Amino acid sequence: MDFTQIVAKKINHVFEDTFEQQHLEKVIEQPKDLSKGDYAFPAFILAKHFHQAPQVIANKIVSGIDHSNFAKIEANGPYVNFFIQRSQFADQLLKDIVSTAHFGQNQDGIDQNVVIDLSSPNIAKPMSMGHLRSTVIGEAISKIAQANGYHTIKINFLGDWGTQFGLMIAAYKHWGDDDLINADPVNELVKLYVKINHEAESNPDLKDEGRAWFKKLEDGDQQATELWNWFKTVSLKEFQKVYDRLGVTFDSMDGEAFYNDKMAPVVKMFADKGLLTKSQGAEIIDLPKLLPDENYPIAMIKRSDGATQYITRDLASAIYRHDHYRFAKSLYVVGAEQKDHFDQMKAILRLAGDDWADDIEHIGFGLITMNGKKMSTRKGNVVALADVLDAAKRLAAKQISEKNPDLKNADQVAEEVGAGAVVFNDLQKDRHLAIDFNLEEIVQFEGDTGPYVQYTHARAMSILRKSKQTVDSQTGLILEDDEAWMIVSKLASYPGIVRRAWQLREPSVVAKYLLLLSRDFNSYYAHTKILVDDSGLNSRLYLVTALSKILEDGLNLLGVHAPDQM
Ligand code: ARG
């Protein structure tokens, strides 16, 4: 039970439980100003009920209430302010945090599966900053889901099918050079892709060639298949390097091509249910006609040349995931610009009678720009993620060498801080907001950055190392000062943060919390001599130990390392 509940219950008790518990809980405030207590009850909301002045009611509460757990309960005008017994509370909480393996995690989702579609880059292109968001948001949501007891299945739905591969093959046939490709596969393939898109603007025949190659690929032509396989293998090898650096893993790499033989039965099912219409040789689902009150566009299921579409493959994959994973929720971590696609997909599934479509959620996110510029592969101005991670690592290494020149595993720490900066930056704002990316700003040890949280954690660990002692759980803790109390009360809210982050599918809830917690600790550190050998030492070390655990746990939920020194 949390304190809001305790306070509400005690107040209700004063009035013989006249009121609805939840109604009281809802109005209880947590004042920003600690001199107004940890909780405040606005007695004026009961004024009408009793036909009495709020001050009178406030006084009545103070004299009638059970004071246990509180150091002080006092009337303050129309409010009743509650002051928690700090040391008693800190003693319980900090010892609990330090002795529990994963304080803050819960079992809400026990025995339930959550499928998460994340990253899902297109092969034969470098993984761009554009795929960074999906990867890191998806990974963080997976970890947060697990912290809430769910079992997660992470699927990398590779974009390994579609007309662009026909175009790619056509380009290779015209200008491809095996030696160049083998030396620097993905970059060479991109060059070919950019070239053919450019040339096709003046030579439309190239587009037809591309279409013809894609048809061959769909029909299983050997040459086309071999080339496609080659493109895929070299791409995956390069993607894997980035995933390793970000610490991201997948349970399935079933991409679009995996569904090639799974679409026919799905299309047939739609036909059997009377959802499919022929239109100029193509097969469509006429959503405007089937759902006249909604605003969905027509879904192209099969083109007149028989080629299937992105939506067809996603419909097949949604059904496959449902049959295979029996999910409680199926999440798609994909840019907000694909919202209509997923709305359309869910509408079609519902029309087909699949109620579980309601458990599908599009986890959209805003556009990422780099120094104000959009990125597009077709135009050739992509920023490869691997290059960004390298640059971030260099910036981190520079700061580490200034701050801590003797650090032993400096290279590894620089990698963890550089990647941590990139990942944290991506997660700290509400995911639907657009973010701009400026490397210099995000790899800073001060400010709203990942390295700032990592540095705070390392600072806490260094204090603990210097103390050369372990905490003693036998003696009672004494922590009464405001600065320590700010940290203690924030640590107490961590379990609620973990829950909320999942409920909102919002890693930023954790990231923002970690920034605030770090801020509180740094101001404590600035005002308090922690390592003085007096009767409060053990209590302060408990506080630092608990804080370091929560910082590490929170960073890990976001997929960010928490090095012990930096
Ligand atoms: N490959 C797509 C792209 O890069 C994203 C795929 C998202 N997942 C899905 N099931 N549609 O735009």
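Start by selecting helix H21 (residues 494–503) and helix H22 (residues 508–527): their axes come within 8 Å and cross at roughly 150°. Helices here are DSSP runs of H or I with at least four residues, strands are runs of E with at least two, and both are numbered from the N terminus. Axes are lines fitted to C-alpha atoms, for helices over the stretch in contact, with angles from 0 to 180 degrees between N-to-C directions. That crossing makes H21 roughly antiparallel to H22 (angles over 145 degrees count as such).

A quick note before moving on: this is a predicted model, where local features need pLDDT of at least 70 and side-chain atom pairs count only at pLDDT 80 or more, while totals for chains, interfaces and linings use all residues. Residues are numbered from 1 along each chain as its sequence is written.

Now show the side chains where the two helices meet. H21 brings Ile497, Arg500 and Ala501, and H22 brings Val509, Val510 and Tyr513; contact means C-beta atoms, placed from the backbone, within 7 Å. Of these residues, five are nonpolar, none is polar and one is charged. (Ala, Val, Leu, Ile, Met, Phe, Trp, Tyr, Cys and Pro count as nonpolar, Asp, Glu, Lys and Arg as charged, and the others, Gly among them, as polar.)

Next, select residues 453–566, where UniProt, in an unreviewed entry, places "domain: DALR anticodon binding". Such annotations may be inferred rather than shown by experiment. The span is 68% helix and 0% strand, and its end C-alpha atoms lie 12 Å apart.

Jump to the ligand. Which residues surround it? Select Asp117, Ser120, Pro121, Asn122, Phe157, Gly159, Asp314, Tyr332 and Val334, each with its C-beta atom, placed from the backbone, within 6 Å. By class, this shell has four nonpolar, three polar and two charged residues.

Then colour the parallel open sheet, four strands in the order S5-S4-S9-S10; strands pair if DSSP finds at least two bridges between them. Its edges are S5 (151–155) and S10 (360–363), each pairing on one side only. The twist averages 20° from one strand to the next. Zoom in on S4 (residues 113–117), which five bridges join to S5, with Val114 opposite Thr152.

Last stop: an antiparallel open sheet of three strands, ordered S1-S3-S2. Strands S1 (39–42) and S2 (70–76) are the edges. Four bridges link S1 to S3 (residues 79–84), and Ala40 stands opposite Asn81.

Definitions and conventions: Parallel < 35°, antiparallel > 145°, perpendicular 65-115°, else oblique.
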